[in-house]
Structure formats: C-alpha cells, structure tokens
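Hi,

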Amino acid sequence: MATPVLRWCCPGRRWVFAGIGGVSRHGRGVPTGSTSSGKRGQSSVAQQPLITAQKPRKGEREWAAVVGLEIHAQIASNSKLFSGSQVDFAAPPNSLVSFFDASLPGTLPVLNRRCVEAAVMTGLALDCHINRRSLFDRKHYFYADLPAGYQITQQRLPIAVNGSLAYSVCVGKRRSQMVTRTARVKQIQLEQDSGKSLHDSLRSQTLIDLNRAGVGLLEVVLEPDMSCGEEAAAAVRELQLILQALGTSQANMAEGQLRVDANISVHNPGEPLGIRTEVKNLNSARFLAKAIDYEIQRQINELENGGKILNETRSFDYKLGCTVPMRDKEGKQDYRLMPEPNLPPLLLYDSGSLPPGTDPQQVINIDQLREQLPELPRVTREKLVQQYGMLPEHSFALLNEVGLLEFFQNVIKETRAEPKKVTSWVLNTFLGFLKQQNLAVSESPVTPSALAELLDLLDRKAISSSAAKQVFQELWRSKGKTPAQIVAEKQLELMQDAEALEQLCCSTLEAHPQVVTDVKKGNPRAINKLIGLVRRATLGRADPTVIKEVLERQLSS
C-alpha cells in the first residue's frame, strides 16, 4: 500500500489525506456537532509527518476534525471549596488537610462564598446564563487520592450554561492576519479537586498528597466547535487571560491551576461523526496543540489503513511527541451520580429578586458582581489598537506575556518616542532578550524607566539605532547604570560635527572610485556600501540617514 501523507490547513478546517503512488478518495465539508462512541480496533499505522497544503489535489481525501475541551481552572481562593483548609501550592505534603478533606466520618461540607462568586463572574464574562438555582451531586469513582470515594460536583444543574468564548487565530501565508472565531460554552460548574498521586518507580510505590484534595475548581466545558490544535490552544489561552483579568483563577498551567482534557474525532464530511478519544490532563497550551494535531493525524492514518478508532482515554508523552493509551472506555463508567445530601440547592439573586431585609453577606447578588467585572482582554486589545495605532497581532502579543502590557504602558508614560517605536522595542528587542534568558517580565534587569530614557536618546538623535542596541545590551548586563552613563562611557554619541562628516564622506568617495561608478550606473546596493564604510570610519557614531544625504549631495555635485 502507498505511504500515507497528511496535508493540513487549520484556518480552512481542511485535513487532506493522500496515498503517494496510490489512489485515494475525495470529499468536502465542514465539521459540526460532537463525537460518538464505537467499537474496539487495532492500531496499525505509524505516525507520519505533518505537511501543510493550500489546495487538495485531485484524488485526495478530505477529513473533518472535531475538537471539544473540558477545562479545569483552580479558583483563586484562600481556602478550599467545602473546608477552611488553606490553599498553597508550595506547602509540604499533607500539611493542609482538614478532617473533611480526609473524609473523616461526621464531617460536613460548608460552601465557600468566594468560589461561588468566582463561578458567577466567570459565567458573566463568558456571556452565560446564570442559573438562579443550581444543585450539587456526588460523582462516585474510587482512586487512592479521592478519600471519600466520590467527588462533589454539579452534574444535573450547573451554576452557568450556554455562553460563548471568542478567540483569535492567525491566518494567511505569513500568519499575519487575525481572524476571530467562537466556541460555545456548554456549562460552567463548581467541583472539588482530588489529591495528588506521586509515583516512586525506584521504590515501586505510590505516595498520596492530599493538600490539593477539596480545592475549588471551575470546570468550563466547551462544545466541539474547534477543528485543530491551534484553535484549541488559542481558545484556552484566551480563557486563561479572562480568568486572570477577573482574578477568579491565577490559571498558572505550570502549577496545574489550569488543566485541559481534549475530546477529538475525525470523519468524512457529510458522513456520521467519528468515534472520539479523550486526551487527559494537558497543562501547556503548546502541548495541547501538539497532542490534538497528533491525535487527529493518528486517527486519519488509522482509518485510511482499514483500522478502527478505540473509544479510549489517552495521555500525551511530550518527550516522544505522541499520545499513548491510558485506558479504554468500551464499557461506560457508572459514576452512580446522586444528589449531594449534605448541601441544599444553591440559590442566587439579582437586585430585583432579593428578599426584603436580606443580609447582603448571606446571599450572592448577580447584578452586584456584574458591576464589579473588570475590563476584559478583548476590550483592552481594541483600546490598544485605537489608542496607539498598533496592529491587532501586536495587541495580542502584549497581553499574552504576563506583565508585558504594564511594562509597555509604563514606558509610554515616561518617553517622548512614538508609540509605534515603543511597541517595536518592547515586542522585538525587550521580549526577545527575555525569551533568550527564559525570564519573566518581572525578572527583567531593564526597567521601564531605563528603556524610556534610551528611547528618548534615540528620539532626539543623540545616538544611532545601532548604538541604542549596544546601550540596551549593556543595560541588560549592568544593572544600575543609566543609558546616558553608558553612552558617555562608551562614547556612543552621534557626531555633531557636520564639517568633519562632510570630509569623511568626501575621502571615502575618493578612496573607492569603483563603488562611485557603480552608484552612478544605478546599482542600488553600492550606496549602502559607501554608507557602511563611512559608519565604520566614525565607529558607528554617525546617523546612516544623514550619511546618505551627504553622500548623495556630493555624488550629484
């Protein structure tokens, strides 16, 4: 059989599969809806490289991929969802465990007001309908890090339903255009987190840390409206920014505060939806995108070669770059869901339905929380584009790095340089240095004030652009020095002696008659060579624009 190759173009939601040297089939369409379950099959095809293509060729077969997400966000709260135990990621194992967290007999849950408010605010930000009455349920399953043998969640009637999450992806040949897409939010529910299992392979044992047991989670369920890893990663990143703006979750994926389960299936357009697989516990947007794209390609390869897709749970091995089986879902797991007997229905109110004489501390007022909503990321980006005339993709870049927008705004406040130049320096030079050193914005040795002073020197033509880059490098290495001190120490000021520059340009023209001849013959590169020679003679202290003006004047005379 011919070697299979997958061609992929995410923005057009088109997966094309072809057999090299063989004949394959062709179809068209766009994915809709969710996935279904099916029969067990055997894997028979190795992973093939991913290639992009703009248009399918004759004889190629198209596939539609369907991706839905379940996102678990840890609520930013001092205490757990149903107990007074503190929440601290760095605490010693099993040091933050109450009697209720350990599920000792006779202990009862007490609902954390802060967690309810966080769920309502998140629902409002995602344009959800907030249920005035929601219920808690017990979801039974048995695992070592779940002491009670059940999880308290909201299965039948969650706190928020029917919302939407708008996110943007890059399209076009140069990936420079931003297109907005929308994923429907099925529901947002409150639930407990489980503990953590620590597997010690050296001693062949598993240790249990219950510090995380009972921590409040928001589960945000997105409908299967995505079709590739890039879209899923963009949606998760946008939700992460929204949660951080609201303050409802720190959403630090490295600390497990935001974890994603992806449900993935493929089908031929116009045919029934395929069997889905679930990839569990993805805690990086980059790994999420890789896992989804790998899984889509794996399923297509499998089906094209006569195999069947297992209805199974898989995990992503980031070292190998592939998904691996965890357990199958052939038989539907019976969670024996039942109403939580120790928690009454959760009742919420708005300003018009508040009972007379009600203590505001004893109820949740939805309208009051709506008034407290901060500016959301999409609004901030729109303001940046309007206020500073920056490109939409630049506004995304400023918000995507924690602390970068604040850094940019502080530089803008302290410099006379144009916003376009500030944007370029912050996103290219400053952010580039951060990434090279793997540093956060808060760890930068260059302060907003220092960069603002450097841009002022550049703006008033006290230094050249190349000298400015030298100053920035020195600022990065030598904390405590100002740009002006570095310029003085390294003698990087621009030449102010116009007569000396005229003489240098004249002697350069005399010393290189062949280059002068090339310029007069219309060679556009020759003038750049002359500019470089003059700059070298001035040790980089002359403005290239001024040099070019002087040279052109002397050449024409």
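Below are my notes on a pocket, some strands, some aromatic rings and a few single residues.

First, the ground rules. This is a predicted model, in which local features need pLDDT of at least 70 and side-chain atom pairs count only at pLDDT 80 or more, while totals for chains, interfaces and linings use all residues. Residues are numbered from 1 along each chain as its sequence is written, and side-chain values use heavy atoms, with hydrogens and water left out.

**The second largest pocket**

Rolling a probe the size of a water molecule over the atoms shows where empty space is left. Here the search runs on a 1 Å grid over the protein atoms alone, and a pocket is an open set of points where a 1.4 Å probe fits, with protein on both sides within 12 Å along at least five of seven lines. Lining residues have an atom within 4 Å of a point. Grid points are joined across faces, edges and corners, and the volume is the space filled by probe spheres set on the points.

The second largest pocket holds about 950 Å³ of space. Its lining counts 26 residues, and R237, Q240, N400, E401 and V402 lie nearest the centre. At least two lining residues come from each of α2 (229–246), α3 (285–304), α6 (392–400) and α8 (419–437). Helices here are DSSP runs of H or I with at least four residues, strands are runs of E with at least two, and both are numbered from the N terminus. Sorted by class, the lining has 13 nonpolar, 9 polar and 4 charged residues. In that sorting, Ala, Val, Leu, Ile, Met, Phe, Trp, Tyr, Cys and Pro are nonpolar, Asp, Glu, Lys and Arg are charged, and the others, Gly among them, are polar.

Where does the second largest pocket lie? Domain 1 (69–267 + 326–339) and domain 2 (377–490) both contribute residues to its lining, so the pocket lies between them. The domain bounds come from an automatic or database domain assignment.

**Strands**

Two strands pair if DSSP finds at least two bridges between them. β9 (residues 160–171) and β10 (residues 177–192) are antiparallel partners over 11 bridges, with L165 opposite A183 in β10. β10 also pairs with β13 (residues 216–226), again in the antiparallel sense, over 7 bridges; there, Q192 has G216 as its bridge partner.

Elsewhere, 3 strands make an open antiparallel sheet in the order β8-β7-β18. β8 (150–153) and β18 (338–339) are the edge strands with a single partner each, so one side of each has no neighbour in the sheet. Between β7 (residues 137–140) and β8 there are 4 bridges, and D137 stands opposite T153 in β8.

**Aromatic rings**

The structure holds 12 aromatic pairs. Rings of Phe, Tyr and Trp (its six-membered ring) pair if their centres lie within 6.5 Å; planes under 30 degrees apart are stacked, over 60 edge-to-face, and the rest tilted.

Y388 and F408 form an edge-to-face pair, 5.5 Å centre to centre with 85° between the planes. Y388 is in helix α5 (residues 377–388) and F408 in helix α7 (residues 404–414), so the pair ties together parts that are 20 residues apart in sequence. Both Y388 and F408 are buried (under 20% relative accessible area; exposed is over 50%, partly exposed in between, with a 1.4 Å probe and protein chains only).

F430 and W476 have ring centres 6.4 Å apart and planes at 70°, so this pair is edge-to-face as well. It links distant parts of the chain, with F430 in helix α8 and W476 in helix α10 (residues 465–477), 46 residues apart. F430 is buried at 0% relative accessible area, and W476 is buried at 11%. F407, W425, F430, F433, F472 and W476 are linked by ring pairs into a cluster.

**Single residues to look up**

Most residues other than glycine have a negative phi, and most peptide bonds are trans.

- A251, not a glycine, has a positive phi of about 55°. A251 sits in the loop between α2 and β14 (258–267) and is buried, with a relative accessible area of 0%.
- N438, also not a glycine, has a positive phi of about 55°. N438 is in the loop between α8 and α9 (448–459) and is exposed at 69% relative accessibility.

Best wishes
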